[in-house]
Amino acid sequence: MKTKLLTCDELRKRVSPDDGAADDAPPETNVCTIAELFDLAELVRKGKHEQLPREFLAATQRLLKTGEVCIESLDLDRLHRNMFDDHRNRRPGLWPPANDLTVSVGKTVRRLILRVSEVTWWDHEVYEEMDRRACPQR
Amino acid sequence: MSDVVLDANVLPDFLSQFFGPAERGTLRFSAEGRFCEQTARRVNRIRLDHDGDRGRGIVVASVIAFVELSRKWTNIVAGRFEPYQVAALLAQPPSWFSVAPCDEELLDFLLDVPAVVEVADGRSEPIELYDALHVATAFSRGDHVWLATTDSRLRRIPRLQGRLLGRS
């Protein structure tokens, strides 16, 4: 089954089903990072989204329960695994894509979440697609 | 004992103490840069309570504070500690220190962070997402949490009044 990396807009359509999520789309595993969910929440927080906070939270909970989308987050283990370069036989340095001020914080967060390793279930294409995409300048 | 949440702008000076004079928390922390005396006192209290097995509060930093650290390493760390030391801390943090995740559990708290705050002259300034996440982390720790921050906008958030450490 193909893995599809959702954009913030595609996630929005799933959180607001009235916007017409593609029910007849071919089977695929949908993945996005917590940064997409936070970007969406940011629209709600700033009153730029059609849903009120309570509605948005309820809709998000419903979406998470369906398992329709895997939302990958950033926790201590993932941070520890991905913030540093491959350090076999020497002291670790910073992983260069995480030490890059030319991109937004949101992009760095996405890189740290989607960095491919022996424990990730998605492949390099997902990471590369994320890295090609424009990202809100926050 | 209440938790102390360290904002991204306080974490580097905390780590400088941790890897330097405080010797990974075996000795006392003292004020350094944006890690003020008041914060040092609360961190020392938490650390001592854990030593005495009375551990209740913990010192917390969001994963986002470490993301910021990684991004601006050269400018803000300035040779005071090395990446391998941070890697070792993340591999085995002391019992009194925790790195808070960014996951869907934080969503509810994020939506409670005001979009704007009133600053001097009655002007409003926005609180952007990756600053708001530190506040959401603080909100997630309960009503008695302390937030150590020097960010003047975060310091204007009404719900944090009386719960702030440091100054702008």
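This is a predicted model: local features need pLDDT of at least 70, side-chain atom pairs count only at pLDDT 80 or more; totals for chains, interfaces and linings use all residues.

Visitor: How many helices and strands does chain B have, and what makes a stretch count as one of them?

Guide: A helix is a DSSP run of H or I with at least four residues, a strand is a run of E with at least two, and both are numbered from the N terminus. By that rule chain B has 7 helices and 7 strands, and along the sequence they follow the pattern β-α-α-β-α-α-α-β-α-β-β-α-β-β.

Visitor: Why is chain B called as compact as a globular protein of its length?

Guide: The radius of gyration is taken over C-alpha atoms, and the globule rule is 2.2 Å times the number of residues to the power 0.38. For 168 residues the rule gives 15 Å, and the radius of gyration of chain B is 15 Å, close to that value, so chain B is as compact as a globular protein of that length. Its C-alpha trace spans about 45 × 35 × 30 Å along the principal axes.

Visitor: How do you know which strands of chain B are paired, and what makes some of them edge strands?

Guide: Two strands pair if DSSP finds at least two bridges between them. Strands β1 (residues 4–6) and β2 (residues 59–62) of chain B pair in the parallel sense over 3 bridges, and B:L6 has B:A61 as its bridge partner in β2(B). In chain B, 5 strands form an open sheet with parallel pairing, in the order β3-β2-β1-β6-β7. The strands β3 (97–100) and β7 (164–165) of chain B each have a single partner strand, so one side of each is left without a neighbour in the sheet.

Visitor: Which strands make up the sheet of chain A, and how are they joined?

Guide: In chain A, 3 strands form an open sheet in the order β1-β2-β3, with parallel pairing, and β1 and β3 of chain A are the edge strands, each pairing on one side only. Strand β1 (residues 2–5) of chain A pairs with β2 (residues 28–33) of chain A over 4 bridges, with A:K2 opposite A:E28. There are also 4 bridges between β2(A) and β3 (residues 69–72) of chain A, where A:N30 stands opposite A:V69 and A:C32 opposite A:I71.

Visitor: Why is helix α5 of chain A described as largely enclosed?

Guide: A residue is buried if 20 or more other C-beta atoms lie within 10 Å of its own, exposed if 12 or fewer, and partly exposed in between, with C-beta atoms placed from the backbone. In helix α5 (residues 105–114) of chain A, 10 of the 10 residues are buried, so the helix is largely enclosed by the rest of the structure. Of the 138 residues of chain A, 36% count as buried, and of the 168 residues of chain B, 47% do.

Visitor: Is B:P158 buried or exposed, and where is it found?

Guide: B:P158 is found in the loop between β6 and β7 of chain B. It has 8 other C-beta atoms within 10 Å, so B:P158 is exposed.

Visitor: What makes a set of residues a nonpolar core, and which residues have the most contacts inside the largest one?

Guide: A nonpolar core is a set of buried Ala, Val, Leu, Ile, Met, Phe, Trp, Tyr and Cys residues joined through C-beta atoms within 7 Å. The largest has 81 residues, and those with the most contacts inside it are B:V4, B:L6 and B:L110. The largest share of this core, 8 residues, comes from α7(B).

Visitor: How many residues does each chain give to the contact between them?

Guide: Two residues are in contact if their C-beta atoms, placed from the backbone, lie within 7 Å. The contact between the chains takes 27 residues from chain B and 35 residues from chain A. On the side of chain B that touches chain A, the largest share, 6 residues, comes from α3(B).

Technical notes: Residues are numbered from 1 along each chain as its sequence is written. Chains are lettered from A and ligands numbered from 1 in the order in which they are written.
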